[in-house]
Amino acid sequence: MAIKLINIGFGNIVSASRIIAIISPESAPVKRVISESRERGMLIDATYGRRTRSVIIADSGHIILSAVQPETVKHRLQASDTQLENEEVE
């Protein structure tokens with residue numbers, strides 16, 4: 001079984017099987033989750049100083065900040081799934 005990797009912007013890649021949620025960073029509860037994970041040392045900032053547009057929650061408890069929109073990450077995840085299905089058929 002192949003490991004599916006998803007590009008989350010600027011050449012940063014995350015294992016698709018480890019993603020629990022991809023959310024928008026605007027709400028107060030999400031901002032609280034980000035600050036708490038920063039304090040615990042579980043925050044991974046993959047924005048390269050850009051504005052955070054999506055927050056990826058991993059099953060390990062890590063919080064990953066990305067400068068890519070949640071919809072874009074979702075489409076990349078779906079494209080990866082489609083590609084793997086096509087490879088299995090061949």
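Let me begin with the largest nonpolar core, which has eleven residues in all: Ile6, Ile8, Val14, Ala16, Ile19, Ala46, Ile56, Ile64, Val68, Val73 and Leu77. By nonpolar core I mean a set of buried Ala, Val, Leu, Ile, Met, Phe, Trp, Tyr and Cys residues joined through side-chain atoms within 4.5 Å, where buried stands for under 20% relative accessible area, exposed for over 50% and partly exposed for what lies in between, with a 1.4 Å probe and protein chains only. The elements giving two or more residues to this core are S1 and helix H2 (70–89), helices (H or I, at least four residues) and strands (E, at least two) being DSSP runs numbered from the N terminus. A second, separate core of six residues includes Val30, Leu43, Val55 and Leu65.

Please keep in mind that this is a predicted model, in which local features need pLDDT of at least 70 and side-chain atom pairs count only at pLDDT 80 or more, while totals for chains, interfaces and linings use all residues. Residues are numbered from 1 along each chain as its sequence is written, and side-chain values use heavy atoms, with hydrogens and water left out.

Turning to valine 68, a member of the largest core, we find that, not counting residues up to four places away in sequence, valine 68 touches Ile8, Gly9, Arg53, Ser54, Val73 and Arg76, a contact being heavy atoms within 4.5 Å. The backbone nitrogen of valine 68 is also reached, at 3.1 Å, by the side chain of serine 66. Serine 66 itself sits in strand S6 (residues 63–66) and counts as buried because its relative accessibility is 0%. With neighbours within four places in sequence left aside, serine 66 is in contact with Ile8, Thr47, Arg51, Thr52, Arg53, Ser54 and Ile56.

Alanine 21, in strand S3 (residues 19–23), is partly exposed, with a relative accessible area of 22%. Its C-alpha atom is separated by 5.2 Å from that of isoleucine 57, 36 residues apart along the chain.

Finally, which aromatic residues pair here? The structure holds one aromatic pair, formed by phenylalanine 10 and tyrosine 48, and it is tilted, with 5.2 Å centre to centre and 40° between the planes; rings of Phe, Tyr and Trp (its six-membered ring) pair if their centres lie within 6.5 Å, and planes under 30 degrees apart count as stacked, over 60 as edge-to-face and the rest as tilted. Phenylalanine 10 counts as partly exposed at 41% relative accessibility, whereas tyrosine 48 counts as exposed at 55%.

Note on methods. A polar contact is a pair of N or O atoms within 3.5 Å; within protein, one must be able to donate a hydrogen and the other to accept it, and residues adjacent in sequence count only if both atoms are side-chain atoms.
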